Amino acid sequence: YGAYNGVRVFWDSSNSNFALLFTKKCSFSNNTNQDCIQYYIQINNKVYGPYDDIETLIISDRGFKSNIFFNNTSTYGWRFKKYGKEYVQINDQTYGPYDKAFDLSFSQNGSRYGWVFVKNNRYYVQLNDKLYADYDYIRDFVISNNGSMIAFVEKKNINNKFYVNIIGKTSKSYGPYDWVSRPIFSNNDLKFGWVFQSYKEGKDYVQINDAVYGPYHYVPAVLCYGFCIPIPSLFFSYDSSKSGWMFKEQGKWYIKINEINYGPYDEDIIKNSFILSPDGSKFGFIFKDHNNLYVKINDEIYGPYPFVDSIVFSNNGSKFGWWYMDYYGDEYIQIKNKTYGPYEYVSRTPIFSNNSKYGWWFQKDNKEYIQINDKTYGPYDKAAFTFTKDNKAYIAYVLEDELIIEQEEISTMAKETLNSTIIDEQVIGKLY
């Protein structure tokens with residue numbers, strides 16, 4: 001591939017596809033003093049590009065930012081820029097040119113994909129081959145997990161108000177609102193929700209399907225886990241039987257799960273730290289006391305820490321973890337009552353594969369490593385990893401100028417000791 005400026009590797013959940021995002025120096029002069037860089041994407045053995053830029057940042061179900069979205073029906077796509085116009089690529093079909101394109105999204109089963117684009121200052125929604133037109137302004141386009149519904153926020157010039165449009169077997173527009181957060185769907189598409197505000201009342205409300213909860217003095221409407229994304233801090237259990245959020249009233253914090261309020265909590269809760277486990281059995285948050293930070297999981301308290309971030313639960317809530325830094329600047333990963341570290345640098349969020357597997361990336365002595373449960377892989381020059389839904393781990397690394405992808409078969413033995421066997425290894429490219 002010539003002179004790599006950077007390489008990122010992604011695998012889909014069915015193990016059948018991989019993607020490389022890489023850059024190369026231009027083969028021509030751009031008549032500037034700056035280096036010319038072009039972007040390419042390789043899907044399995046096919047290369048797409050060159051592009052002036054690849055701008056799509058999709059938040060996958062594992063919490064990663066990635067430039068390529070895969071699903072288990074071999075549909076993939078990205079957004080790119082070329083000659084001052086923006087385009088969307090879905091498999092081998094190119095859509096555009098547009099003045100602007102954003103919010104490229106896929107359903108988990110790959111049946112639906114779509115995005116928002118702008119032409120001549122008018123906004124449009126493209127959903128597979130169906131076009132929804134035309135709107136004064138659109139933001140926060142979302143496709144539900146199984147593709148049965150879509151949602152997007154619309155703003156109308158006539159009254160300068162926001163609306164949430166839900167389109168599916170039945171369609172409905174909710175609003176008007178003075179302000180509204182990004183809508184979210186539950187895992188099985190039975191519920192959807194968002195936070196909205198009344199400027200006149202100075203109050204926040206939570207909308208879950210057709211039910212409205214509130215008013216509240218304050219409901220956090222932006223989720224921050226290592227990085228901030230405009231998703232309301234509402235959580236649904238996987239079966240949609242439970243929904244939860246945190247709110248503030250008369251200077252005290254509360255946790256609401258279904259119709260039950262937990263609290264009041266006197267602690268100074270970090271406002272975007274609340275999380276509900278996927279099965280709804282546990283909740284957690286980070287709070288501050290006398291300049292120290294603590295993690296609270298239901299009734300258990302962990303800490304103190306000077307810095308802590310990113311609480312994560314396994315599917316059934318039996319395992320949970322987070323990143324923290326000690327008073328000496330060393331970094332650690334905490335998994336329940338077990339501490340891993342110290343590390344020079346470690347990924348801010350541990351990743352759970354299912355109810356027993358977890359892992360993260362870390363750096364030591366200018367080398368990179370992958371930790372999966374109690375087994376360490378490395379050292380490598382560069383490394384990354386991901387879990388698949390069938391409990392496999394893929395590790396991509398650079399060693400002695402070769403980019404290699406290994407598939408690790410992981411099985412948990414008695415007392416959760418880890419047994420790992422390399423079942424496939426492939427040299428993808430050579431770095432020059």
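Student: Why is the pairing of K382 with E368 called a salt bridge?

Tutor: The closest N and O atoms of K382 and E368 are 3.8 Å apart. A salt bridge needs a side-chain nitrogen of Lys or Arg within 4 Å of a carboxyl oxygen of Asp or Glu, so this pair qualifies. Keep in mind that this is a predicted model, where local features need pLDDT of at least 70 and side-chain atom pairs count only at pLDDT 80 or more, while totals for chains, interfaces and linings use all residues. Residues are numbered from 1 along each chain as its sequence is written, and side-chain values use heavy atoms, with hydrogens and water left out.

Student: What parts of the chain does the K382 and E368 pair tie together?

Tutor: K382 belongs to strand β45 (residues 382–387) and E368 to strand β43 (residues 367–372), so parts 14 residues apart in sequence are tied together. Strands (E, at least two residues) and helices (H or I, at least four) are DSSP runs, numbered from the N terminus.

Student: How do you know whether K382 and E368 are buried or exposed?

Tutor: Buried means under 20% relative accessible area, exposed over 50%, and partly exposed in between (1.4 Å probe, protein chains only). K382 has 52%, so it counts as exposed, whereas E368 has 8%, so E368 counts as buried.

Student: What makes R348 and D309 a salt bridge?

Tutor: Their N to O distance is 3.2 Å, and that falls within the limit for a salt bridge. R348 sits in the loop between β40 (345–346) and β41 (351–352), and D309 in strand β36 (residues 307–313), so the pair ties together parts that are 39 residues apart in sequence. R348 is partly exposed at 39%, while D309 is buried at 13%.

Student: Why is R348 said to sit over the ring of W323?

Tutor: The charged end of R348 is 3.8 Å from the ring centre of W323. The rule asks for NZ of Lys or CZ of Arg within 6 Å of the ring centre and within 35 degrees of the ring normal, so R348 counts. K375 also lies over a ring face, that of Y377, at 5.5 Å from the ring centre.

Student: How many aromatic pairs turn up, and what makes Y135 and F152 edge-to-face?

Tutor: A search of the whole structure finds 40 aromatic pairs. Y135 and F152 are 5.4 Å apart centre to centre, with 70 degrees between the planes. Rings of Phe, Tyr and Trp (its six-membered ring) pair if their centres lie within 6.5 Å; planes under 30 degrees apart are stacked, over 60 edge-to-face, and the rest tilted. With 70 degrees, this pair is therefore edge-to-face. Y135 is in strand β15 (residues 130–135) and F152 in strand β17 (residues 150–156), 17 residues apart. Y135 is buried at 14%, and F152 is buried at 0%.
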